[in-house]
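Subject: Handover of a structure and notes on its contents

Dear colleague,

Please find below the structure that I am handing over to you. My notes on it follow.

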Amino acid sequence: MLGRTAIDGRHSISLVRCGSRVLVLGVDATGGFSPLAEISEPDEVNLLVDLCRLPSGGVAAALGELPQVVGGRVSSATELEPAESVHA
């Protein structure tokens, strides 16, 4: 896991490195995961990983950059259909 940032008291967003991809996951209070997006373009993956490593920014900074990274398009970030919660 690259990191997590809280949205509110019950929900957060996690960035998870999975091989050459970064998965953007919604996490609820019970620990259930919902896939939100998959970033697979190498330059975008590297940028998100680097942003998550920054002490001043972390995941919140990476998530803030996400719209700029994908340029508002889905061509390099594949949107995933909402799925049932999966517990790790």
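How many of the 8 residues of strand 3 (residues 21-28) are buried? The count is 6, and strand 3 is thus mostly covered. Here a residue is called buried under 20% relative accessible area, exposed over 50%, and partly exposed in between, with a 1.4 Å probe and protein chains only. Strands (E, at least two residues) and helices (H or I, at least four) are DSSP runs, numbered from the N terminus.

The basis of these notes is as follows. The model is predicted, and local features need pLDDT of at least 70, side-chain atom pairs count only at pLDDT 80 or more, and totals for chains, interfaces and linings use all residues. Residues are numbered from 1 along each chain as its sequence is written, and side-chain values use heavy atoms, with hydrogens and water left out.

Overall layout

The protein chain holds 2 helices and 5 strands. Read from the N terminus, the order of its elements is β-β-β-β-α-α-β. Of its 88 residues, 36% are buried. The chain exposes about 5,300 Å², of which carbon and sulfur atoms supply 55%; these areas come from the Shrake-Rupley method with a 1.4 Å probe, and for residues only the protein chains shown count as cover. A contact means heavy atoms within 4.5 Å. Among the contacts between residues at least 6 apart in sequence, 41% join residues at least 24 apart.

Confidence

The predictor's confidence in each residue is given as pLDDT, from 0 to 100. The average for the protein chain is 74, and 62% of the residues score at least 70. Confidence is highest in strand 4, at a mean of 94, and lowest in strand 5 (residues 77-79), at 38. Over residues 68-88 the pLDDT stays under 50, and the model has 36 contacts beyond four places in sequence for this stretch. Where pLDDT is low, the predicted coordinates should not be read in detail.

The paired strands

Two strands are said to pair if DSSP finds at least two bridges between them. Strand 1 (residues 3-6) pairs with strand 2 in the antiparallel sense over 4 bridges. These two strands form a hairpin with 4 residues between them, and Gly3 has Leu15 in strand 2 as its bridge partner.

Strand 2 in turn pairs with strand 3, again antiparallel, over 8 bridges.

Strand 3 and strand 4 (residues 33-39) run antiparallel and are joined by 6 bridges. The bridge partner of Leu23 in strand 4 is Glu38. With 4 residues between the strands, the hairpin of strand 3 and strand 4 includes Gly31, which takes a positive phi near 90 degrees.

Individual residues

Where does Ser12 lie, and which residues does Ser12 touch? Ser12 has its place in strand 2. Because its relative accessibility is 8%, Ser12 counts as buried. Not counting residues up to four places away in sequence, Ser12 touches Arg4, Thr5, Ala6, Ile7, Leu25, Gly26 and Val27.

Ile13 also lies in strand 2, which spans residues 11-18. Ile13 counts as buried because its relative accessibility is 18%. The C-alpha atoms of Ile13 and Phe33 are 9.3 Å apart, with 20 residues separating the two along the chain.

Asp28 is found in strand 3. Asp28 is partly exposed, since its relative accessible area is 25%. Its side chain makes a polar contact with the side chain of Thr30 at 2.6 Å; a polar contact is a pair of N or O atoms within 3.5 Å, where within protein one must be able to donate a hydrogen and the other to accept it, and residues adjacent in sequence count only if both atoms are side-chain atoms. From C-alpha to C-alpha, Asp28 and Asp8 are 9.9 Å apart in space and 20 residues apart in sequence.

Cysteines

The structure holds 0 disulfides, a disulfide being a pair of cysteine sulfur atoms within 2.5 Å. Cys18 is partly exposed, because its relative accessible area is 32%. Cys52 has 12% relative accessibility and therefore counts as buried.

With kind regards
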